[in-house]
Amino acid sequence: MRHLMNPLDFSTEELDDLFRLADDILLHEERYAHRCDGKILATCFYEPSTRTRLSFESAMLKLGGQVLGFASADSSSAAKGESVSDTIRIISCYADICAIRHPKEGAALVAAQKSRIPVINAGDGGHQHPTQTLTDLMTIHALKGQFSDMTIGLCGDLKFGRTVHSLIEALKRYANVHFIFISPEELRIPGYIREDVLERGHIPFEEVRRLEDVMPKLDILYMTRVQRERFFNEEDYVRLKDYYILNREKMALAKQDMMVLHPLPRVNEISVEVDTDPRAKYFEQVQYGVYVRMALILTLLELI
Ligand code: NCD
């Protein structure tokens, strides 16, 4: 039985297969409408979510399956003190596959170790978010046609942003990928990523503060929200929340074929005036997320 905890759980060849399947689903959705008949997906969300949870639910419903679950810790037995490992044993009796989101780093792994069904990490604290990465990669694959030979700028909360951590892990495996990390000092990428992932792997990267300075070099700009819920105090959050605001003026500095991605939700970091720029791809990205999750469900349930 197979789980998805980290983007590295799939080799690059397996990812190619997954994207090929997602492409086919996108083109021939009707052929997949009954692949999951009789199957149940559980969504166990101990943290707020709109896209990830509904995207999983939409994916399973489009495959003909059904969904059950909870959308907050308050509405589950966690409120009574039940552990994640007990909850997953219960869920294993009700469903065939489970997507779990939890504020604690490592919670999805704990669940996977006790589970009798495939478990998908839908975000564990400030650690990893592999299905957002599949969504990001699927968007890059569909719109750029390659993962190698590019400069990608990741901007905003690189410390707590789990989507950033997962995307770096996934992209470091491709040739000639150059990372530019754009953040205030307080929100730099964690030391373990800088040392264990990038320096040890001899992956080229630079860290800068000003977005304007690097804009002309980027093939992809990945914007992120400052993760308010992971801050220790409100004062720091208020000071840093509007550090970067991508607007028309900054977009004018970028290449004509640069692409702006964002895992969403957006707060102030991308001005709405950018939404109509053809290089803004963050709403298209959401649509790719459904197809890639359909492909993932089929793969983990071994229905292909
Ligand atoms: C992200 C997350 O939950 O980490 N959202 C998402 O799943 N698309 C990003 C965020 O909340 O900022």
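Ala42 has Leu68 as its bridge partner in strand E2. The model is predicted: local features need pLDDT of at least 70, side-chain atom pairs count only at pLDDT 80 or more, and totals for chains, interfaces and linings use all residues. Residues are numbered from 1 along each chain as its sequence is written, and side-chain values use heavy atoms, with hydrogens and water left out.

Helices (H or I, at least four residues) and strands (E, at least two) are DSSP runs, numbered from the N terminus. Strand E1 (residues 40–45) is joined to E2 by five bridges in the parallel sense; two strands pair if DSSP finds at least two bridges between them. Both strands belong to an open sheet of four strands in the order E2-E1-E3-E4, with parallel pairing. Its edge strands, each pairing on one side only, are E2 (66–70) and E4 (119–124). From one strand to the next, the twist averages 15°.

Helix H2 lies across E1, E2, strand E3 (97–102) and E4, and runs at about 175° to E1. Angles run from 0 to 180 degrees between N-to-C directions, and axes are lines fitted to C-alpha atoms, for helices over the stretch in contact.

Nine aromatic pairs are found in a search of the whole structure. In one of these, the ring centres of Tyr46 and Phe70 are 5.2 Å apart and the planes stand at 85°, so the pair is edge-to-face. Tyr46 lies in the loop between E1 and H2 and Phe70 in strand E2, 24 residues apart, so that the pair links distant parts of the chain. Rings of Phe, Tyr and Trp (its six-membered ring) pair if their centres lie within 6.5 Å; planes under 30 degrees apart count as stacked, over 60 as edge-to-face and the rest as tilted.

**Helix pairs**

Two packed helices are described by the angle between their axes and the distance between the axes. Three pairs are listed here.

| Helix pair | Angle | Axes |
|---|---|---|
| H2 (residues 51–62) and H11 (residues 282–300) | roughly 55° | within 8 Å |
| H3 (residues 84–94) and H4 (residues 107–114) | roughly 50° | within 8 Å |
| H6 and H7 (residues 191–199) | about 10° | 11 Å apart |

The axes of H2 and H11 cross at roughly 55°, which makes H2 oblique to H11. Angles under 35 degrees count as roughly parallel, over 145 as roughly antiparallel, 65 to 115 as roughly perpendicular and the rest as oblique. H2 passes H11 in a right-handed crossing; a crossing is left-handed if the near helix is turned anticlockwise from the far one by less than a right angle, and right-handed if clockwise. From H2 the contact (heavy atoms within 4.5 Å) involves Arg51, Thr52, Ser55, Phe56, Ser58, Ala59, Met60 and Lys62, and from H11 Val286, Gly289, Val290, Arg293, Met294 and Ile297. Seven of these residues are nonpolar, four polar and three charged. Ala, Val, Leu, Ile, Met, Phe, Trp, Tyr, Cys and Pro count as nonpolar, Asp, Glu, Lys and Arg as charged, and the others, Gly among them, as polar.

H3 and H4 are likewise oblique to each other, and their crossing is right-handed. Val84, Ser85, Ile88 and Arg89 of H3 make the contact with Ala107, Val110, Ala111 and Lys114 of H4. By class, that contact has five nonpolar, one polar and two charged residues.

H6 and H7 are roughly parallel to each other. His165, Ile168 and Glu169 of H6 meet Tyr192, Ile193, Val197 and Leu198 of H7. This contact divides into five nonpolar residues, one polar and one charged.

**The five-stranded sheet**

A further open sheet has five strands in the order E7-E6-E5-E8-E9, with parallel pairing. E7 (205–208) and E9 (259–261) are the edge strands, each pairing on one side only, and the twist averages 20° from one strand to the next. Strand E5 (residues 150–155) runs parallel to strand E8 (residues 220–223), joined by four bridges. Ile152 has Ile220 as its bridge partner in E8.

Helix H5 (residues 130–144) lies across E5, E8 and E9, at about 165° to E9. Helix H6 (residues 162–171) lies across E5, strand E6 (177–182) and E8, at about 165° to E5.

**Backbone exceptions**

Most residues other than glycine have a negative phi, and most peptide bonds are trans. Asn176, not a glycine, has a positive phi of about 60°; Asn176 sits in the loop between H6 and E6. The peptide bond from Leu264 to Pro265 is cis, with omega near 10°, and Pro265 lies in the loop between E9 and H11.
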